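Visitor: I would like to go through this model term by term. Please set each value against its rule.

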Amino acid sequence: MTQALVKGDRLATKIFILLVSVIGLSLFAYSTIAVAAGPLNPEWILLGLVTILLVSRIDIGIPKTSSYVTISDTFLFISVLLYGTYPSVVLAGFDAAVCSLQYKNKRSVMPFNMAVMSMSVFFSSTLMRLIYGDTIGSSSELGSLAIAAATLALIQYILNSGIVSVVMALRRKRSLRKTWKESFLWTSISYFAGAAAACLIVKLISVISFYAFIISVPILTITYFTYKIYLDKVEASAHHAEQMADLHLRTIEALAIAIDAKDEVTHDHVHRVQIYATGLARLFGLSEPEIEALKAGALLHDIGKLAVPDYILNKPGPLTPAEFDKMKVHTIVGAEILERVGFPYPVVPVVRHHHERWDGKGYPDGLRGDQIPITARILTVSDCFDAVREDRQYRKAMTREEGIQVLKTGSGTIFDPTVIATFLDHLEEFEVEIRRQRVRLQAPEMPREKGLVKSEKMGNGPVVFERIRSAHREVITLYDIAQTIGTSLDLRDTFAVFSSRLQDIVSYTTCVLYLVKPDSAEVEAAHVAGRNIEQFKGRKMASGAGITGWVAANCHSMHNCDPLLDFDAMKADIAEPYRTATVVPLTRDGEVLGALALYSAELSSYDSDHLRLVEAVAKLASDAIANAVHHEKTETSALTDMLTGLQNARALRHRFEEEADRARRHRDKFSVVMMDMDGFKAVNDRLGHQAGDHLLREMARLLLTQVRSSDFIGRYAGDEFVAILQVGPDEVQELVERIQKTIDNHDFGFGGANIYIGLSVGWACFGTDGYTLDELLLAADRAMYNNKRKRKSATSESSDFKSAELGQYRVM
C-alpha cells in the first residue's frame, strides 16, 4: 500500500511539473516570437543585458529556508512597467535560465524555472495591465504607479511562490500551507521592496532619461551587500544558537541513553520511536512545539527509572505489588527532573502520562480517554510497538506481526483506538522513512549473537553505550547465575544453567566441566555444552597432562592456550579447528573439584574482560558444583551396594517402576530374574568373611559381563542378586543358561584355593506372572527354589569336596 502511495505521489509531482513546464515554456516561446516579430527596443536590450549579466548572478539566501532574495525582480518589474508583457516574459525566462546554471541538476531544473518565471510574469503583467491600463508605466502620478507596482508584485509573489510550494509539498508529502509558510512567507518583503525600487527608478527615468536606471545599479548593489552582511550575521547568530541548543540536547541525549543502556535500550530504538511519533503527530496536525516535545519525550520518557532498583527493572518474572508500586514512581520522578530543565516545549506531560491507559487504569494519575494528552497517547503506542520488538534481559523480541497484534489487543483498553488505527494504516510509510534515514530495523527472527566480543560489534550505537550495557549485563548475569545454581542440587542442571548464562557474556564454541575422579589421578569431561559434545563427553586425561590436567594439578588458571594440548592428552579426535582455550580451576576449601574449560573456534584469543568473567563464574560455580557432587555421592550411596558397587534394593524398586511404566505404554514385556549363590555360607564359614566378600564382588563383576548396559543388575540381600532384563520368556531361558554355565566354570579362587560355586536362578515375566515387583519377586523366588532342588539332585555329593590337598572347593 505504501509503495503505491509513494508511486502515486511521485506521479502527481511529475504530472504537475510537466503541466507547468508546458504552459510556461509555451508562453515563453510565444512571447519570444512576438518580440522578434516587432522592432527591438535598444533600451530594453540594454536593460536585459544588465539584468542577465550582472543582476541575475546576485542573490541572498534567507536563513532557515530554501528560498533566496534577488534584485533581478526589481529589473523585471521595470521591464513590465516600461515595455509590457512579452518583452518582460522573455527577460524573465532568460534570467531564470542564467540563475539555474548554479544548480548541479541544471538540465532538469532550468526548464521548470524558466516556465515558472514566464508564467508568473505573464499572468501578473497581464492582470496588472487589465486593471490599470497599458500606459500605467508612463504615469506621472507616483501614487498610481506605486499601487500598480504593488499589485504586480503581489500577483507575481502569489503565482511564483504558490507553484513552487505545490511541488515541494508533493515531494515532501507535507501540507501546502506549512510548506509555503516555512519557505516563502518572508520572501514577500523582497517582492514589495523590489516593486518600490522599480517605481522610483521608473519615475527617475521619466524625469531624467532612460540611462538614469544605470545610476540605480550601484545603489541597489550597495543595498544588497548591506542586507547580505546583515543576514549573514543573523544566520551566524542563529547557527550559533542552534549549535548551543544542539549541544545541550546531545548532552541530555547522551546521558539519557547511558541511563537507558542499563535496560538494553539502544539509540536505534530511540530514533525509530521518534520517527513513529513525529509521523503520527503530523498526521494528527500537532504543532511544531508538540512535535519537538515528542522527539524529546521519546528520548527522556524513562529517565525516572534512575529511582527504580536494577533488580526490579530486569526481573524476569512478574513483579510483586510492592515492586510494581516502586516501578510506577519513574513517571513522576522523570516529570520532576524535566520540570527543572525548563524545556521550551511541553515535554513534561509526555513523560508524566506515557503510562496512562485509555480505560483509566494506568498511572500515575489514572487519566482516561481524551484526558490523556495526545502527545502521551502517541508516544505510548510508538514506544510499545518498538520496545516489544527488541530483546531485553527478561524477555525475547516479538516479530512484527506479534507486535501489531499487541496493539490491536490493547486498542480501546490500553491504547487510544484512533491512534492505533492511524498508526497501523501508516506503518509501512513510517518503515520506509526509517529505511530512508538508515536506521536499523529490528530482526527478531535472526538468532541473537552472544558473547561480550560479539556484542561490541552489533552496531547498536557508540561503543561507550555498549560498554555500559555490557557492564550491566555482567551484573545481571552473575546475579542470575548465583541465584539459579544455588537452588539446584542436580549437577547436570547446575552446569546447564551456568553454561547457558555464561555464553551471554563470554563467547565460546564448547564449554566443558571437568571433574577429578575419586580415588584416581585423572580428570573426566563430565558435562559438555556447545558443539562437538559427543567428542568431549566422558573423555579422561591424567592429572598434570594437557592444559586442564595441569590446571587441576596446580590449581592455577591457564589462558589463551593451544586447545590441541587438551585434545591430545585425552586422545580426542576433533575435526573442527579450535583456535584458543582458557581453563580455570574449581576449588572449595582448598580441595580441587575439577576445572572449567572454554574452547573457541571463532576467537583468536580471550581478552582480560573474558578471563575476569570466567574466573568470577568459576568461583560462583565451585560451591554449587561441590554441593551437587556431594549430593550426587550421597544419592548414589543411598542407591548403591557399597561392597559390590551394584545398585541396591531401593534402586531396584525405582527401576522396576520405570520399566513397568514403559511396558504399559508400549505393551511390552520384561523379566525379573532372581539369583542365589549356592554354598556361599559354606565358603564363608571355611575361609572367612574376606573370602565371602571376594565372592560377592567377583559375582557382581561376572553378572555385569553377561547382560546389556541397558539392563539392571542389583544386589538384593545377602548372597541374592536381582536382574531386570528387557527380554521375554523365550530369551530369558537362554540367557539364564549362559549365566549359570559361566558361573559354574569360573574359578573364584581366594588365598591360594580354587573355589567353584554354583548359582540358582528363577525368573518371572511382567504381565504373565504378575504386575508388581513383589508379585514377580515371589514368582521368581518359587522358580529359583525349584531350580535349586533340581540342580542339587543332579549333583553328586562327592563333588562337594574334591581334593583338600590341592586346595580346591566346589560347592553346589
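Guide: Start with burial: buried means under 20% relative accessible area, exposed means over 50%, and partly exposed lies in between (1.4 Å probe, protein chains only). The model is predicted: local features need pLDDT of at least 70, side-chain atom pairs count only at pLDDT 80 or more, and totals for chains, interfaces and linings use all residues. Residues are numbered from 1 along each chain as its sequence is written, and side-chain values use heavy atoms, with hydrogens and water left out.

Visitor: Why is D359 called buried?

Guide: Its relative accessibility is 15%. The cut-off is under 20%. So D359 counts as buried.

Visitor: What makes D359 and R357 a salt bridge?

Guide: The rule asks for a side-chain nitrogen of Lys or Arg within 4 Å of a carboxyl oxygen of Asp or Glu. Here the N to O distance is 2.7 Å. So the pair qualifies as a salt bridge.

Visitor: Why does the pair D302 and K305 count as a salt bridge?

Guide: Their side chains meet at 3.5 Å, N to O. D302 is buried at 11% relative accessibility. K305 is buried too, at 15%.

Visitor: How do you know that R436 and E433 are about one helical turn apart?

Guide: Both lie in helix α18 (residues 427–436), and they are three residues apart, which means a separation of about one helical turn. Helices here are DSSP runs of H or I with at least four residues; strands are runs of E with at least two; numbering starts at the N terminus. R436 and E433 form a salt bridge, their closest N and O atoms being 2.6 Å apart. R436 is exposed at 58% relative accessible area, while E433 is partly exposed at 25%.

Visitor: What puts the buried residues of α7 on the same side?

Guide: In helix α7 (residues 176–184), the buried residues are T179, S183 and F184. They cover an arc of only 80° around the axis, so they sit on the same side of α7. The arc is taken from the directions from the helix axis to the C-beta atoms.

Visitor: How many helices and strands does the protein have?

Guide: It has 30 helices and 13 strands. Of its 812 residues, 46% are buried.
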